[in-house]
Amino acid sequence: MRPDDLQRFAGHITAGFVPAAERSEEAERLERVAQPNHSLLDTGFLALAVEVDGEVVGHIQARAPRFGFPPGVCELGINLFPEVRGQGYGTEAVRLFTAHLFSEGWVRVQAATSVTNNGMRRVLERSGYGFEGVLRQFAPGDVTGREDYVLYAALVP
Ligand SMILES: CC(C)(COP(=O)(O)OP(=O)(O)OC[C@H]1O[C@@H](n2cnc3c(N)ncnc32)[C@H](O)[C@@H]1OP(=O)(O)O)[C@@H](O)C(=O)NCCC(=O)NCCS
């Protein structure tokens, strides 16, 4: 991952979570967690670049905050650059990364997304995640107020 990739990632962080003024801080944080050879268990955060034919097209992350989740549980997130969405890369990346997390010993991978995020919901459903319920007013919304999210999870086979 290169420094300009980090700036691009920071600029694409899902709206509502990171105000524009804090995006360079977000790039610095991504730089710290993008150091090679750290594990999700060590740092509680693992971010990988998603590449297509050698080009970085987005990033995929797993989070396992210490004392935040029970042992063996982590949460997945993904963000692809707008120009590459809708071509199957999200589904492929989620499937590959989920299999990797299981191979590393995680037993439950969960993912939450806005109730209206039909693309992410479909990716999760196509990648073996089951719908578990609605998280009411879970996160700040794109426009105003807070949004309901849906929780999905995949269990180690
Ligand atoms: C959500 C995201 C990861 C999906 O990845 P993607 O590569 O665009 O999705 P895919 O091409 O693999 O599509 C998988 C399925 O979802 C459907 N889909 C994709 N985008 C969609 C949309 N905006 N609305 C409805 N369906 C959509 C596809 O038609 C496909 O369905 P099918 O299997 O029935 O044909 C990607 O669009 C993205 O990064 N979005 C912005 C960030 C984001 O929302 N991240 C998740 C936050 S929790």
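Student: How many helices and strands does the secondary structure of the protein chain come to?
Tutor: The model is a predicted one. Along the sequence, its elements follow the pattern α-α-α-β-β-β-α-β-α-β-β. The secondary structure comes to 5 helices and 6 strands.

Student: What percentage of the residues in the protein chain is buried?
Tutor: A residue is buried if 20 or more other C-beta atoms lie within 10 Å of its own. The protein chain has 157 residues, and the buried share of them is 24%.

Student: Among contacts between residues at least 6 apart in sequence, what percentage joins residues at least 24 apart?
Tutor: The contacts considered are those in the protein chain between residues at least 6 apart in sequence. Of these, the share joining residues at least 24 apart is 46%.

Student: How do H4 and H5 pack, and which term describes H4 relative to H5?
Tutor: Helix H4 covers residues 89-103 and helix H5 covers residues 118-126; their axes are 9 Å apart and the packing angle is about 45 degrees. Because of that angle, H4 relative to H5 is oblique.

Student: Is the crossing of H4 and H5 left-handed or right-handed, and which residues make the contact?
Tutor: The crossing of H4 and H5 is right-handed. On the H4 side the contact is made by Gly90, Thr91 and Val94, and on the H5 side by Val123, Leu124 and Arg126.

Student: How do the residues of that contact divide into nonpolar, polar and charged?
Tutor: Gly counts as polar in this scheme. The residues of the contact of H4 with H5 then divide into 3 nonpolar, 2 polar and 1 charged.

Student: Which residues have the most contacts inside the largest nonpolar core?
Tutor: The largest nonpolar core has 26 residues. Strands S1 (45-52), S2 (55-63), S3 (73-80), S4 (108-114) and S6 (146-155), together with H4 and H5, each supply at least two residues of this core. Those with the most contacts inside the core are Ala62, Cys74, Leu76, Val94 and Leu124.

Student: Which residues does valine 94 touch, not counting residues up to four places away in sequence?
Tutor: Val94 is one of the H4 residues in the contact with H5, and it is also among the residues with the most contacts inside the largest nonpolar core. Leaving out residues up to four places away in sequence, valine 94 touches Leu76, Ile78, Val123, Leu124 and Ser127.

Student: Where is glycine 72, and is it buried or exposed?
Tutor: Glycine 72 is placed in the loop between S2 and S3. A residue with 12 or fewer C-beta neighbours is exposed. Glycine 72 has 12 of them inside 10 Å, so it counts as exposed.

Student: What is the C-alpha to C-alpha distance between glycine 72 and valine 107?
Tutor: Not counting residues up to four places away in sequence, glycine 72 touches Trp106, Val107 and Arg108. Glycine 72 and valine 107 are 35 residues apart in sequence, and their C-alpha to C-alpha distance is 5.3 Å.

Student: What phi do aspartate 53 and glutamine 137 have, and where are these residues?
Tutor: Aspartate 53 is in the loop between S1 and S2, and glutamine 137 is in strand S5. Aspartate 53 counts as exposed because it has 5 C-beta neighbours inside 10 Å, and glutamine 137 counts as exposed with 12. Neither residue is a glycine, yet aspartate 53 has a positive phi of about 50 degrees, and glutamine 137 has a positive phi of about 50 degrees.

Student: Which residues does aspartate 5 touch, not counting residues up to four places away in sequence?
Tutor: Aspartate 5 is found in helix H1, residues 3-11. With 17 other C-beta atoms within 10 Å, aspartate 5 is partly exposed. Its C-alpha lies 8.8 Å from that of glycine 58, which is 53 residues away in sequence. Not counting residues up to four places away, aspartate 5 touches Ala49 and Val56.

Student: What separates the C-alpha atoms of proline 157 and phenylalanine 102?
Tutor: Proline 157 lies in the segment after S6. With 6 C-beta neighbours inside 10 Å, proline 157 counts as exposed. Proline 157 and phenylalanine 102 are 55 residues apart along the chain, and their C-alpha atoms are separated by 8.3 Å.

Conventions
Residues numbered from 1 in each chain as written. Predicted model: local features only at pLDDT ≥ 70, side-chain atom pairs only at ≥ 80, totals over all residues. Axes fitted to C-alpha atoms, helices over the stretch in contact; angles between N-to-C directions. Helix = DSSP H or I, 4+ residues; strand = E, 2+ residues; numbered from the N terminus. Parallel < 35°, antiparallel > 145°, perpendicular 65-115°, else oblique. Left-handed = near helix turned anticlockwise from the far one by under 90°. Contact = placed C-beta atoms within 7 Å. Core = buried A, V, L, I, M, F, W, Y, C linked by C-beta atoms within 7 Å.
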